[in-house]
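Try each task before you read its solution.

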Amino acid sequence: MAIFLLLLLLLVSAVSGDEDAYIGVNIGTDLSDMPTPTEVVALLKAQRIRHVRLYDADQAMLLALAKTGIQVTVSVPNDQLLGIGQSNATAANWVARNIVAHVPATNITAIAVGSEVLTALPNAAPILVSALKFIHSALVASNLDDQIKVSTPHSSSIILDSFPPSQAFFNRSWDPVMVPLLKFLQSTGSYLMLNVYPYYDYMQSNGKIPLDYALFRPLPPNKEAVDANTLLHYTNVFDAVVDAAYFAMSYLNFTNIPIVVTESGWPSKGDSSEPDAIVDNANTYNSNLIKHVLNNTGTPKHPGIAVSTYIYELYNEDLRPGSDSEKNWGLFDANGIPVYTLHLTGADTVFANDTTNKTFCIAKRGADPKMLQAALDWACGPGKVDCSPLLLGHPCYEPDNVASHSTYAFNAYYQRMAKSPGTCDFKGVATITTSDPSHGSCIFPGSSGKNGTLINELICTHPLV
């Protein structure tokens, strides 16, 4: 689950290097226990994530993101692309329903039209540029084209001969699409969206790419990759792929289009054929990627020029088809618990990710009120929790319902027991979260005093009983 400085500023940033790069996250939805939009936004706030990309334009998610300031990239899913690319009216209706209805309360700053269309849905390639133009025309009609940029994410596999980067070029069979697409991006002040996965480059290199080179680990000078044509030195795969895209655009005579990396990451778990999909490598890659981007390092071809990047992804998606690694790209599990703690000393502007010691115990959504009441009675009795804050006139009395009262009691017990395993269960009606459930003057045990938002979800899920 984030979003960005106004993309107009981003464009200036990418061309001049005067503005800082940002880190965002992709929010997938292939989870068996998908958190509610309220919970997703609470996690984004807790982690200070300010930029998110959605793979659709989910109405509930867009409403939950309203008035947060988080900058949002929404997407036209591939299964809607043909309709929009063939009909200006269909595109206008999509923009009216998914964009105009939500701005300015929701800070939508970009629309990703399709995803890896040239490689994943090649039959739609002939109408891809039309789809972008129709969406953009609808934004112009609503006077939103300066605020919201339109582009389409590409797989880096459309770049051929990517090393040395100076010799890279786009697959020539896609020239009839890429040339008008790049003209559109240039004329509208937009940017090339590129998905960069050093993990796959490493896996498919048959040992030619060293693991340290893929993970941003420091290399001795004699191990750096050198572009013999430019004499530029490359210390990581990420920069080499981004520069390959810059050179591929210049091969087609486009030299002033910035790049935003819409997906990049590393899986934390894989099957027996994926021995390097492990927690340590995922942590190393994403930690180094975040520091690399936020340091405004740029690339060897364009040092100091922003390459803002969205990490793939916020949550592990256990329902994704394919190998184990496909399900394990997330930074968090469905309960908002970190898969690992990022190493981000000095990069505290995003991902307050050391949340392993900032967990709370709350009532599960949809739990049986009678079971909640029984667990509440136990916590305030035999469990020896101080439940006096729940009394009438005390800070945590409101909202007066069993879900919010049991959440306070469950968490007080969980914190008193030092968060020991099994102390946040209560016969299955409790769960752990990293989102602070404090609200108003009701500060929960274990809280830093900053109010959370989950209590509103509890009120909606469990009316007064």
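**Exercise 1.** Find Asn236 in this predicted model and work out where Asn236 lies and whether it is buried or exposed.

*Solution.* Step two: check the relative accessible area, which is 2% for Asn236. Buried means under 20%, so Asn236 is buried.

**Exercise 2.** Which residues does Asn236 touch, leaving out those up to four places away in sequence, and what does its side chain pair with?

*Solution.* Start with the contacts: Asn236 touches Tyr213, Phe216 and His292. Next, go for the polar atoms. The side chains of Asn236 and Thr235 are joined by a polar contact of 3.3 Å. Then look at Phe238: its backbone nitrogen lies 3.2 Å from a polar atom of the Asn236 side chain.

**Exercise 3.** Take Arg48 and Lys427: where do they sit, and is each one buried, partly exposed or exposed?

*Solution.* Arg48 is in the loop between helix H2 (37-46) and strand E2 (51-54), and its phi is near 55°, a positive value in a residue other than glycine. With a relative accessible area of 35%, Arg48 is partly exposed. Now Lys427: look in the loop between H14 and strand E15 (430-433). Phi of Lys427 is near 55° too. Its relative accessibility is 76%, so Lys427 counts as exposed.

**Exercise 4.** What is the omega of the cis peptide bond from Val103 to Pro104, and where does Pro104 lie?

*Solution.* Omega is near 5° for that cis bond. Pro104 lies in the loop between helix H5 (88-100) and strand E4 (107-113).

Conventions
Residues numbered from 1 in each chain as written. Predicted model: local features only at pLDDT ≥ 70, side-chain atom pairs only at ≥ 80, totals over all residues. Heavy atoms only, no water. Buried < 20%, exposed > 50% of the residue type's maximum accessible area, 1.4 Å probe, protein only. Polar contact = N/O pair within 3.5 Å; in protein donor to acceptor, adjacent residues only side chain to side chain. Contact = heavy atoms within 4.5 Å. Helix = DSSP H or I, 4+ residues; strand = E, 2+ residues; numbered from the N terminus.
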